[in-house]
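I opened this structure to look up a few points one by one. My notes follow in the order I made them.

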Amino acid sequence: HDQIHAFVDSGKPVLGICNGFQVLVKAGVLGGGEAEAEAEAGDPRWAQLVAISERRVTLTENANGHFECRWVHLQVNRAAQASFLADIDDLIFCPIAHGEGNFRVKDEATLAGLDALNLIAFRYVDTYGDRARGVYPLNPNGSVADIAGICNRRGNVVGLMPHPEDHIVALQNPLRQDARLGLALFEAFVNAA
């Protein structure tokens, strides 16, 4: 736990996918821990998120109660604190494979804070980029506000439930299309490092 926080505090880039995202959330690296320090530093926008240091976000069982394995579309928040995401100019089409990917927040204030501070990095959308609005299977796990991934305030830590690493080349796509590759996320991540 301390080693993870020390690594993150050093400013090195961290990308957590699926179980990695769950670990980052449960350890308080994402959605917790940093809000209190930022509030003490005088950033008034953090006032609404101070309680996240108590880990007010989590990932829990899918809303439908079973394991999901399907392809989804992700919209990248190009304005997210993880500035390297601005380099991704298309949707990402990739699979999910999880039973506990339902992103939940303790209350509306937490959700509003995540949104206002551009900590929401990815959302589930349809093939046209329109929000899923909680509709299954576009939002495959019931995540609040269609959240598929978040980042920290510093922008060096990003986590998401879907598996962009499983769509690096067209051969991995069931439709054999080479558009909307997950590769774009890794290229942006490496270029920023």
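Predicted model: local features only at pLDDT ≥ 70, side-chain atom pairs only at ≥ 80, totals over all residues.

Cys18 has a relative accessible area of 5%, so I noted Cys18 as buried, the cut-off being under 20%. Cys69 has a relative accessible area of 61%, so Cys69 goes down as exposed, which needs over 50%.

**Nonpolar core.** Which residues have the most contacts inside the largest nonpolar core? I found Leu74, Leu85, Phe103 and Phe122. That core has 46 residues. A general note for myself: in soluble globular proteins, nonpolar side chains tend to be buried together.

Strand 6 covers 120–125 and strand 7 covers 147–151. These two strands run antiparallel and are joined by 3 bridges. Phe122 stands opposite Gly149 in strand 7.

On the next pairing, strand 7 is joined to strand 8 (residues 157–160) by 3 bridges, again antiparallel. Here Gly149 stands opposite Leu160 in strand 8. I also asked how many residues of strand 7 are buried. The answer is 5 of its 5 residues, so I wrote strand 7 down as mostly covered, with buried meaning under 20% relative accessible area.

The hairpin of strand 7 and strand 8 has 5 residues between the strands. In this hairpin Gly155 takes a positive phi near 90 degrees.

**Asn156.** Asn156 is in the loop between strand 7 and strand 8. Is Asn156 buried or exposed? Its relative accessibility is 8%, so Asn156 counts as buried. I looked for what the side chain of Asn156 reaches, and found the backbone oxygen of Lys12 at 3.0 Å. Apart from neighbours within four places in sequence, Asn156 is in contact with Val8, Gly11, Lys12, Pro13 and Val14.

**Backbone angles.** A reminder before this entry: most residues other than glycine have a negative phi, and most peptide bonds are trans. I therefore looked for residues and bonds that depart from this.

Asn118 is not a glycine but has a positive phi of about 55 degrees. Asn118 sits in the loop between helix 4 (108–116) and strand 6. With 24% relative accessibility, Asn118 counts as partly exposed.

Asp146 is not a glycine either, and its phi is positive at about 60 degrees. I placed Asp146 in the loop between strand 6 and strand 7. Asp146 has 2% relative accessibility, so I recorded Asp146 as buried.

Which two residues does a cis peptide bond join? They are Tyr136 and Pro137, with omega at about 10 degrees. Pro137 lies in the loop between strand 6 and strand 7.

**Aromatic pairs.** A pair of aromatic rings is described by the distance of the centres and the angle of the planes. I counted 3 aromatic pairs and wrote up two of them below.

Trp71 and Phe93 form a tilted pair, 4.9 Å centre to centre and with 40 degrees between the planes. Trp71 is in strand 3 (residues 68–76) and Phe93 in strand 4 (residues 92–98), so this pair ties together parts that are 22 residues apart in sequence. Trp71, at 25% relative accessibility, counts as partly exposed, whereas Phe93 is buried at 11%.

The pair of Phe84 and Phe189 came next. Their ring centres are 5.5 Å apart and their planes stand at 75 degrees, so I noted the pair as edge-to-face. Phe84 is in the loop between strand 3 and strand 4, and Phe189 is in helix 5 (residues 183–192). These are distant parts of the chain, 105 residues apart. Phe84 is buried, with a relative accessible area of 7%, and Phe189 is buried too, at 16%.

Conventions:
Residues numbered from 1 in each chain as written. Heavy atoms only, no water. Core = buried A, V, L, I, M, F, W, Y, C linked by side-chain atoms within 4.5 Å. Buried < 20%, exposed > 50% of the residue type's maximum accessible area, 1.4 Å probe, protein only. Helix = DSSP H or I, 4+ residues; strand = E, 2+ residues; numbered from the N terminus. Phe/Tyr/Trp six-rings, centres within 6.5 Å; stacked < 30°, edge-to-face > 60°. Pairing = 2+ DSSP bridges. Polar contact = N/O pair within 3.5 Å; in protein donor to acceptor, adjacent residues only side chain to side chain. Contact = heavy atoms within 4.5 Å.
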